[in-house]
Amino acid sequence: MDGLVEVIVGPLAYPFMVRGLLALVMVGGVCAVVGTYVVLRGMAFFGSALAHAILPGVAVGYLVSGSTRGPIFWWGLATAILTAVGIGAVGKSAKVKEDTAIGILFAGMFALGIAIISTVEGYAGDLAHFLFGNVLGVSAGDLWLAAIFGGLVLLTIVALFKEFLVFSFDPLLAETLRLPTGFLHYLMLILIAVTTVVSLQAVGVALMVALLVTPAATAYLLTRRLPAMMAISALVGAVSGVLGFYISYYVEVASGAAVVLVCTAIFLLTLLFAPRRGLVWERLRR
Amino acid sequence: MPIGALVRSHAQHRDDSPILEVQDASVAYDGRLALEGVSFRLDAGERVAVVGPNGAGKSTLFKAIVGVLPPASGQIRVAGHGPGGHICIAYVPQRSHVDWSFPVNVADVVMMGRVGKLGWLRRPRQRDWDHVRHCLDVVCMGSMADRQIGELSGGQQQRMFIARALAQEAALMLMDEPLIGLDIPSQEDIFHILDVLREQRVTVLVAIHDLNLAAERFDRVMLLKTRLLGFGKPHEVFTPQRLQAAYGSQLHLIEGENGLMALSDTCCGGDL
């Protein structure tokens, strides 16, 4: 028993470890709730693209910040919101298909970000942190920013629950009820953008989409009501954060990767064994 | 997005105006005119079938009436006002256009119709759920409130959407191919509900493929092929010349004994 307590408490002896754990739980939960809409509205590619596209903003923040990392969050946030609204507008012009336009924009922005970061000498380590996250580098200030903005995102989703539900299920009904569909559309994109920036330090841009999509997809297999889907998704996200943190500590693998792998494992188990909808269940019923 | 759009104020109905009046409306869709110079008016409580070949502009007409596609010229008035201010126009979608795996149950979907009445930041209260239950009772689905929508039969899915339109307190209901893919008893259920709606003076416009049903079960029929080829009693509208003009060789006409025609639309049958 003491051994187990030691296993759990041991890594928490250092404040930066505690901050890292808190960040992963928070990010896992917020991403997972926003992710329900990403999954239901088929926006996984958009989420992935958006995460990559904020890199140039982060890079500029990195250049101007020197050793203090504070400005990175704000530069990332501004870029994310501009990109989200930009992609939203691109979808409306019909020169090329929407996913093609997103692909072009995302790769171009990503390349620009890498180019900017590569102007700094000895940039490789920092670039790796932006790409894959550096959860042990989370400062108290970072944690507060993440908590405040993550909280705002959740609050918005709860406050506009029925509007987002109608808009996602039946956009034409939203029109006939005279809901401001354009506003809801862009607000949704901005919520995803803010979530992306909040998660940047914990998991990095390359793995972000997993936190958005995987817990929500898991919850989708387990329930057929949206509030329950959000709750289960948040739970899966937070639990993945905790388990990933400990696995990362004891097995010595990158924390972001560990969290995503735990998420993926939970999804695969659910896909196989979910009551009624799991693959094993279907096989048995046949 | 002007801030004004976030503040809801809905148009008052004028008693002296017809529930729907379309004047010389032309509507563009995908860069071409899908409707040209269409004019008609509907009285409250009427049941009208909209028929025409695929691509005739039925969906475009509905979207224009709902207010999603503004006409390029001409005008559309619902109870005396433009459609944009109303929340009393319900659109019942074609079943094939709905994501049936979406995580909502029957009561959730019907409650969506109340969102316009609830207003921002309000949660549905007990009396809203009571109203939803009442709407489900009208379409004989009271016992299925907790069902996942994916578990419903085709007829039940259609009735759920009618209940949603009732929850919206719709005065004008537009139904896109509600009978497609339904067996005869399920179709009869729908017509029974349409009778109830007529008693409540709800005006119903139904896009339909089956010309026999259109002729037999509706007050008036509207024959559409980009232009309005005819609007009136079925026997006045469904003349061989007009049907030929609308469908060309897609249609087989058979002369019946008592002057009525048995008609069959051999077209592909929509996208279900």
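Q: How do α7(A) and α11(A) lie relative to each other?

A: In this predicted model, α7(A) and α11(A) are oblique to each other. Two packed helices are described by the angle between their axes and the distance between those axes. Here the axes of α7 (residues 124-132) and α11 (residues 181-222), both of chain A, cross at roughly 55° and come within 3 Å. Angles under 35 degrees would count as roughly parallel, and 65 to 115 as roughly perpendicular, so the pair α7(A) and α11(A) falls in the oblique class.

Q: Which residues of α7(A) and α11(A) make the contact?

A: On the α7(A) side they are A:His129, A:Phe130, A:Leu131 and A:Phe132, and on the α11(A) side A:Gly204, A:Val205, A:Ala206 and A:Leu207. By class, this contact has 6 nonpolar and 2 polar residues, with no charged ones.

Q: Turning to chain B, what is the strand order in the open sheet of 3 strands?

A: Strands of a sheet pair through backbone hydrogen bonds, either parallel or antiparallel. In this sheet of chain B the order is β2-β1-β4, and the pairing is antiparallel. The edges are β2 (32-42) and β4 (73-78), each of which pairs on one side only. From one strand to the next, the twist averages 25°. Between β1(B), residues 20-29, and β2(B) there are 7 bridges. One pair to look for is B:Tyr29 with its bridge partner B:Arg32 in β2(B).

Q: What is the order of strands in the open sheet of 6 strands of chain B?

A: The order is β5-β6-β7-β3-β8-β9, and the pairing is mixed. The edge strands are β5 (89-92) and β9 (227-232) of chain B, each with pairing on one side only. Neighbouring strands are turned by 15° against each other on average, direction ignored.

Q: Which strands does helix α1 of chain B lie across?

A: Helix α1(B), residues 58-66, lies across β3, β5, β6, β7 and β8 of chain B. Its direction is at about 155° to β6(B).

Q: How is chain B divided into domains?

A: Domain 1 consists of 3-88 + 171-265, and domain 2 of 99-170. Where they meet, 15 residues of domain 1 are in contact with 13 residues of domain 2. On the domain 1 side, β6 (172-176) and α6 (184-199) of chain B are the elements that give two or more residues. The largest share, 5 residues, comes from α6(B). That side of domain 1 has 11 nonpolar, 2 polar and 2 charged residues.

Conventions: Residues are numbered from 1 along each chain as its sequence is written. Chains are lettered from A and ligands numbered from 1 in the order in which they are written. This is a predicted model: local features need pLDDT of at least 70, side-chain atom pairs count only at pLDDT 80 or more; totals for chains, interfaces and linings use all residues. Two strands pair if DSSP finds at least two bridges between them. Helices (H or I, at least four residues) and strands (E, at least two) are DSSP runs, numbered from the N terminus. Axes are lines fitted to C-alpha atoms, for helices over the stretch in contact, and angles run from 0 to 180 degrees between N-to-C directions. Angles under 35 degrees count as roughly parallel, over 145 as roughly antiparallel, 65 to 115 as roughly perpendicular and the rest as oblique. Two residues are in contact if their C-beta atoms, placed from the backbone, lie within 7 Å. Ala, Val, Leu, Ile, Met, Phe, Trp, Tyr, Cys and Pro count as nonpolar, Asp, Glu, Lys and Arg as charged, and the others, Gly among them, as polar. Domain bounds come from an automatic or database domain assignment.
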